[in-house]
Amino acid sequence: MQTKTSERLFQAAGGLLPGGVSSPVRAFGAVGGTPRFLVRGRGSRVWDADGNEYVDYVGSWGPMILGHAHPEVVRAVQETAAEGLGFGAPHPLEVELARAVQGFYPALERLRFVSSGTEATMSALRVARGFTGRELVLKFKGNYHGHADGLLVEAGSGALTLGQPSSAGVPEGYARLTIVGRYNDADALEDVFREHGERIAAVIFEPVVGNAGVIPPSTGFLKALRQLTREYGALLIADEVMTGFRVAPGGATERYGLEPDLITLGKILGGGLPAAAYGGRAEVMAQVAPEGPVYQAGTLSGNPLAMAAGLATLRVLKREPAIYERLEDYGLRLAEGLADELQRAGVAHTINRVGSMLTVFFTEGPVTGFEDAQRTDTAAFRRFFHALLEGGVYWPPSAFEAAFVSAAHKADDLERTLSAVRTAFA
Ligand SMILES: *Cc1c(COP(=O)(O)O)cnc(C)c1O
């Protein structure tokens, strides 16, 4: 495989951009080697700057549920662009997209558009604090909610201690306002609430963890989350930036029958362009400026091109509900095919999958929490990743990410994928 152009570009980028990238995981730090500069995508396939073709399971990290360059989405963006790129004034497409989102998520009585998942979670927490008049938030180890200061926090020593920064530049005093709990551990959750419950403004969680590799929620954990937040008057924030419109039309909220107070959306919501949102109960969202005292704004919020891409994407999903059966079917066949190959090669593995998102952990199962996920053999993953890449399959370049199937993945993509895996293990 010829990769000279990517190598040359990465060299040049290194002098200009920290790590040569605009977001860390793209630098291939966890797997080594030269990241591919991708220049074209069509359906399930992407092409790099050297002309190599890959079956894509990154999907721009989630948004591309319809595959790349879906004609309806591209057309919507082109037509909107021809009228002007943005005005910083209300736009009809905001109303249309909000209504469309509500069609998938009836629980979103009102919502606010922003431009990234980070902004959505950060703003949802501010609203929760404004609404409850409390300061603490609870998150779970291994759940990712973007890079806002209060969320770049890890557990201190002992399960019940307040958080400490997980990134340089985050003030300790600020990190202490975040409690870090254990995912899928209802007992530990109860302990946290018994100790801090009266001061907790909100619990934010990934209803299916995607950012420690895929970890499905346990029923008991979901129940405890809703019960304890209600009992103590804290808001429950389902961070559906990744799972929204993916694990079901109405995301994890629909799939698991959740009743969150607030929901954050992103990724698929923008159809590949920068759009995200937070919303939920009308009385809570009435806190948001200009109606209420919680300030939150954005120059590019509700940008017409992003609204158009999101709306076109949601329209296709609404019109073709069979897409979700196809995603489930391909996801299942991919997981089973991978499991067969791993089995045959005698490699320890656990495959966690929820619909069209899946992770191969190179460890004996089950993987139900963050510590389990940490046991994955990252050296084995590195070899797996590079063998796939050489075989023309673009898998997420980290052992702790979800691979995404799109509606455009077909039988020949599956074949190419499994044949690359077979070669890898041979
Ligand atoms: C991707 C992601 C975010 C952050 O979204 P950005 O658009 O990258 O800021 C937040 N929460 C979850 C669950 C995500 O997967």
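Helix H2 passes helix H10 in a right-handed crossing. In this predicted model, the axes of H2 (residues 71-81) and H10 (residues 304-319) come within 8 Å and cross at roughly 150 degrees. H10 also packs with helix H3, and H11 packs with H14. The points below cover these helix pairs, then the ligand site, then local backbone features.

**H2 with H10**
- Angles over 145 degrees count as roughly antiparallel, and the crossing angle is roughly 150 degrees, so H2 and H10 are roughly antiparallel to each other.
- On the H2 side, the contact is made by Glu72, Val73, Ala76, Val77, Thr80 and Ala81.
- H10 contributes Pro304, Leu305, Ala308, Ala309, Ala312, Thr313, Val316 and Arg319 to the contact with H2.
- Sorted by class, this contact has 10 nonpolar, 2 polar and 2 charged residues.

**H3 with H10**
- Helix H3 (residues 92-104) packs against H10 at an angle of about 35 degrees, and their axes are 9 Å apart.
- The crossing of H3 and H10 is left-handed.
- From H3, the residues in contact are Leu93, Glu94, Glu96, Leu97, Ala100, Val101, Gly103 and Phe104.
- From H10, they are Pro304, Met307, Ala308, Gly310, Leu311, Leu314, Arg315, Leu317 and Lys318.
- The contact of H3 with H10 comprises 11 nonpolar, 2 polar and 4 charged residues.
- Pro304 and Ala308 of H10 take part in the contact with H2 and also in the contact with H3.

**H11 with H14**
- The axes of H11 (residues 322-345) and H14 (residues 411-425) come within 10 Å and cross at roughly 15 degrees.
- Angles under 35 degrees count as roughly parallel, so H11 is roughly parallel to H14.
- H11 passes H14 in a right-handed crossing.
- H11 supplies Tyr330, Arg333, Leu334, Gly337, Leu338, Glu341, Leu342 and Ala345 to the contact.
- H14 supplies Asp413, Leu414, Thr417, Leu418, Val421, Arg422 and Phe425.
- In the contact of H11 with H14, 9 residues are nonpolar, 2 are polar and 4 are charged.

**Ligand site**
- The residues around the ligand are Ser116, Gly117, Thr118, Tyr144, His145, Gly146, Glu206, Asn211, Asp239, Val241, Met242 and Lys267.
- At Gly117, a polar backbone atom is 2.8 Å from an oxygen atom of the ligand.
- At Tyr144, a polar backbone atom is 3.3 Å from a nitrogen atom of the ligand.
- At Asn211, an N or O atom in the side chain is 3.1 Å from an oxygen atom of the ligand.

**Backbone features in loops**
- Most peptide bonds are trans, and most residues other than glycine have a negative phi.
- Ala289 and Pro290 are joined by a cis peptide bond, with omega about 10 degrees.
- Pro290 lies in the loop between helix H9 (282-285) and H10.
- A cis peptide bond also runs from Gly365 to Pro366, where omega is near -10 degrees.
- The loop that holds Pro366 is between strand S14 (357-361) and helix H12 (370-374).
- Ser60 is not a glycine but has a positive phi of about 60 degrees.
- Ser60 is in the loop between strand S3 (53-56) and H2.

Conventions. Residues are numbered from 1 along each chain as its sequence is written. This is a predicted model: local features need pLDDT of at least 70, side-chain atom pairs count only at pLDDT 80 or more; totals for chains, interfaces and linings use all residues. Side-chain values use heavy atoms; hydrogens and water are left out. Axes are lines fitted to C-alpha atoms, for helices over the stretch in contact, and angles run from 0 to 180 degrees between N-to-C directions. Helices (H or I, at least four residues) and strands (E, at least two) are DSSP runs, numbered from the N terminus. Angles under 35 degrees count as roughly parallel, over 145 as roughly antiparallel, 65 to 115 as roughly perpendicular and the rest as oblique. A crossing is left-handed if the near helix is turned anticlockwise from the far one by less than a right angle, and right-handed if clockwise. Contact means heavy atoms within 4.5 Å. Ala, Val, Leu, Ile, Met, Phe, Trp, Tyr, Cys and Pro count as nonpolar, Asp, Glu, Lys and Arg as charged, and the others, Gly among them, as polar. A residue is near a molecule or strand if one of its heavy atoms lies within 4 Å of it. A polar contact is a pair of N or O atoms within 3.5 Å; within protein, one must be able to donate a hydrogen and the other to accept it, and residues adjacent in sequence count only if both atoms are side-chain atoms.
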